[in-house]
Amino acid sequence: MDLNGKRLGIYIPLGYPEPKTFLEYIDLISNLIDMLEIGIPTRSPIYDGPIIRKAHKEILGKGVLPEHIKSYPDLSKLKCDLVALAYYSEIGADLSKILRSIADLGFKCLLTPDLLIEYPEKLDLYTKASRDNGLEPCFFISSKTPYKLVEKISELEPYMIYLGLQASTGTSLPIQVLRNISIARELIKGRAPLAVGFGINSTDRLIAILRGGADIAVVGSEVVRRLGKDPSNAVDFVRSLSNAIRG
């Protein structure tokens with residue numbers, strides 16, 4: 001299968017492992033990837049696995065707070081698309097403020113993993129607020145998201161629909177991965193790019209996810225794990241993923 005047109009996304013919490021290394025790292029990888037997903041610091045990353053939960057705890061302990069994203073103007077200079085990830089439970093009261101902050105930095109959208117699960121009644125509010133601030137909506141779904149709801153959000157012309165393959169990130173892939181991707185594609189009907197993440201820790205898994213029907217593969221825990229130990233190794237890993245798609 002030709003992987004031309006398939007895209008690579010990388011997730012990293014804001015300021016991890018510390019602000020200087022964070023800025024150097026994202027600058028080095030921005031020309032290797034298509035999308036950078038930046039996690040807004042949170043004390044309750046309920047849908048993330050142990051590696052990313054630990055990373056959020058570390059950066060909060062170093063004083064990196066959600067509002068500090070405004071202190072990273074260099075984000076606007078990166079060569080890839082930018083997506084922010086934040087939990088609606090924590091930012092819902094300040095939704096417009098967060099949206100304005102990331103819009104000023106050139107972000108495409110704000111992904112809120114708990115929106116459709118915990119706050120489905122806020123869907124219209126989130127969509128309108130996103131567009132009012134010059135952003136596109138984007139949505140997180142799982143294999144348990146009602147089919148009619150997936151069809152509904154696909155008709156809203158989102159930047160992407162992100163399929164999480166299992167309950168938390170950073171653990172092994174479930175048996176029915178390809179089936180879940182296939183079902184999601186059928187429901188979306190090409191109305192939005194399908195991003196798939198969770199558990200992608202090698203080029204083999206990356207290629208399998210893309211060949212299985214994902215338009216964008218997002219790698220998080222494995223990148224964060226390597227970055228916390230050796231930033232140069234983390235760059236080499238991303239380069240290998242990029243070469244697997246583009247080479």
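## The disulfide

A disulfide joins C109 to C138, with the two sulfur atoms 2.4 Å apart. The model is a predicted one. A search of the whole structure finds 1 disulfide. The link of C109 and C138 is right-handed, with 95° about the S-S bond. C109 lies in strand β4 (residues 109–111) and C138 in the loop between α6 and β5, so the pair ties together parts that are 29 residues apart in sequence.

How accessible is C109, buried or exposed? C109 counts as buried because its relative accessibility is 0%. C138 also has 0% relative accessibility, so C138 counts as buried. C80 is in no disulfide. The cysteine sulfur nearest to C80 is that of C109, 13 Å away. C80 is buried too, with a relative accessible area of 8%.

T112 is found in the loop between β4 and α5. At 2% relative accessibility, T112 falls below the 20% limit and so counts as buried. Which residues does T112 touch, leaving aside its neighbours within four places in sequence? The contacts are A86, Y88, I91, Y126 and F140.

T112 can also be placed relative to F139. The two are 27 residues apart in sequence. In space, their C-alpha atoms are 6.9 Å apart.

## Helix α7

Helix α7 spans residues 147–154. Its buried residues are L149, V150, I153 and S154. Seen down the axis of α7, these buried residues fall within an arc of 135°, so they line one face of the helix.

What do the buried residues of α7 pack against? The partners include three helices: α5 (115–118), α6 (123–132) and α8 (177–188). Strands β5 (139–141) and β6 (161–164) are also partners.

In α1, the buried residues are T21, F22, Y25, I26 and I29. They cover an arc of only 125° around the axis, which puts them on the same side of α1. The buried residues of α1 pack against strands β1 (7–13) and β2. They also pack against helices α10 (221–229) and α11 (231–246).

L32 is found in the loop between α1 (19–29) and β2 (35–39). L32 counts as buried because its relative accessibility is 12%. Leaving aside its neighbours within four places in sequence, L32 is in contact with L8, V235, V238, R239, S242 and R246. L149 of α7 is 117 residues from L32 in sequence. From C-alpha to C-alpha, L32 and L149 are 34 Å apart.

## The second largest pocket

The second largest pocket holds about 210 Å³ of space. It is lined by 15 residues. Which of them lie nearest the centre of the pocket? They are P66, E67, I91, D94 and I98. I91 is also one of the contacts of T112.

Helices α3 (88–91) and α4 (95–104) each supply at least two residues of the lining. The largest share, 3 residues, comes from α4. By class, the lining has 8 nonpolar, 2 polar and 5 charged residues.

## Backbone features

A cis peptide bond joins Y16 and P17. Its omega is about -5°. P17 lies in the loop between β1 and α1.

K189 has a phi of about 55°, although it is not a glycine. K189 is found in the loop between α8 and β7 (194–197). At 52% relative accessibility, K189 passes the 50% limit and so counts as exposed.

F198 has a positive phi near 90°, and F198 is a residue other than glycine. F198 lies in the loop between β7 and α9 (203–211). Is F198 buried or exposed? F198 counts as buried because its relative accessibility is 8%.

Definitions and conventions: Residues numbered from 1 in each chain as written. Predicted model: local features only at pLDDT ≥ 70, side-chain atom pairs only at ≥ 80, totals over all residues. Heavy atoms only, no water. Buried < 20%, exposed > 50% of the residue type's maximum accessible area, 1.4 Å probe, protein only. Helix = DSSP H or I, 4+ residues; strand = E, 2+ residues; numbered from the N terminus. Arc of directions from axis to C-beta. Contact = heavy atoms within 4.5 Å. Disulfide = S-S within 2.5 Å. 1 Å grid on protein atoms, 1.4 Å probe; cavity = no way out; pocket = protein on both sides within 12 Å on 5 of 7 lines; lining within 4 Å. Points joined across faces, edges and corners; volume = space filled by probe spheres on them. Nonpolar A, V, L, I, M, F, W, Y, C, P; charged D, E, K, R; others polar.
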